[in-house]
Amino acid sequence: MPVTVLLVDDEPLVRAGLRAVLEAQPDIEVVGEAADGAAVIPLVRQLRPDVVAMDVRMPLLDGIEATRAVLRTVPEPPKILVVTTFENDEYVYEALRAGADGFLLKRARPAEIVHAVRLVAEGESLLFPASVRQLAAEYGDGGGNLEARAAMERAALTGREAEVLRLMARGLSNAEIARRLVVGTETVKSHVSSVLAKLGARDRTQAVIAAYESGFVAPG
């Protein structure tokens with residue numbers, strides 16, 4: 001089955017460009033478009049896309065609030081990939097904190113766009129880990145987020161789970177973590193699932209953000 005994508009951007013040319021790039025791939029299908037975040041929830045409910053590629057800044061409802069709304073109201077919500085003009089942008093970090101699974105630059109090359117959609121859909125690796133680390137260093141709380149620290153303490157990760165979380169923060173995929181720890185991929189998947197459950201994180205991006213904000217992993 002192809003990865004289905006909903007495009008949300010107030011610029012028609014951006015939507016047209018993304019559609020052209022994505023629909024050139026045999027395993028990706030663009031199932032709909034919207035010009036503002038306010039239209040996202042009904043379209044997500046109607047079309048059930050695997051991924052929403054959504055502009056972080058829009059006139060009525062921006063990508064941050066639209067992300068929160070989707071995750072709050074839609075059962076089994078899609079992966080959310082925020083699309084932005086600027087990489088080092090506080091809006092991007094706020095979107096990640098709100099629950100977005102990754103971000104994509106509008107100037108990205110076609111191959112990078114396709115890779116981002118596939119990676120986010122698979123959910124087994126962190127998209128642009130170095131950039132996420134830089135965003136956390138600049139806009140995060142530097143380990144001083146008391147709520148995040150308390151949640152990390154309550155999680156009581158085992159030694160192996162803690163090791164897996166640190167490797168997740170470095171951007172390693174499940175397969176790469178398995179090779180690093182000399183264990184099976186299914187074992188890593190089990191550890192990742194346990195880490196997410198203990199942290200109350202919907203995916204590895206949110207787990208990594210929590211790791212940075214709690215000071216469990218230093219973003220520098």
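Visitor: Over the face of which residue does R57 lie?

Guide: Before answering, note that this is a predicted model, in which local features need pLDDT of at least 70, side-chain atom pairs count only at pLDDT 80 or more, and totals for chains, interfaces and linings use all residues. Residues are numbered from 1 along each chain as its sequence is written, and side-chain values use heavy atoms, with hydrogens and water left out. A charge sits over a ring if NZ of Lys or CZ of Arg is within 6 Å of the ring centre and within 35 degrees of the ring normal. R57, at 3.9 Å from the ring centre, lies over the face of Y91.

Visitor: Which residues of helix α3 are buried?

Guide: Helices (H or I, at least four residues) and strands (E, at least two) are DSSP runs, numbered from the N terminus, and buried means under 20% relative accessible area, exposed over 50%, and partly exposed in between, with a 1.4 Å probe and protein chains only. Helix α3 covers residues 63–73, and its buried residues pack against α2, β3, β4 and α4, where contact means heavy atoms within 4.5 Å. The buried residues are G63, I64, A66, T67, A69 and V70.

Visitor: How many bridges join β4 to strand β5?

Guide: Two strands pair if DSSP finds at least two bridges between them. On one side of the account, β3 and β4 pair in the parallel sense over five bridges, with M54 standing opposite V82 in β4. Strands β4 and β5 also run parallel, and L81 has G102 in β5 as its bridge partner. The number of bridges joining β4 to β5 is four.

Visitor: Is E213 buried or exposed?

Guide: E213 is found in helix α11, which covers residues 204–214. Its side chain is joined to that of R97 by a polar contact of 3.2 Å, a term for a pair of N or O atoms within 3.5 Å, of which, within protein, one must be able to donate a hydrogen and the other to accept it, while residues adjacent in sequence count only if both atoms are side-chain atoms. With a relative accessible area of 5%, E213 is buried.
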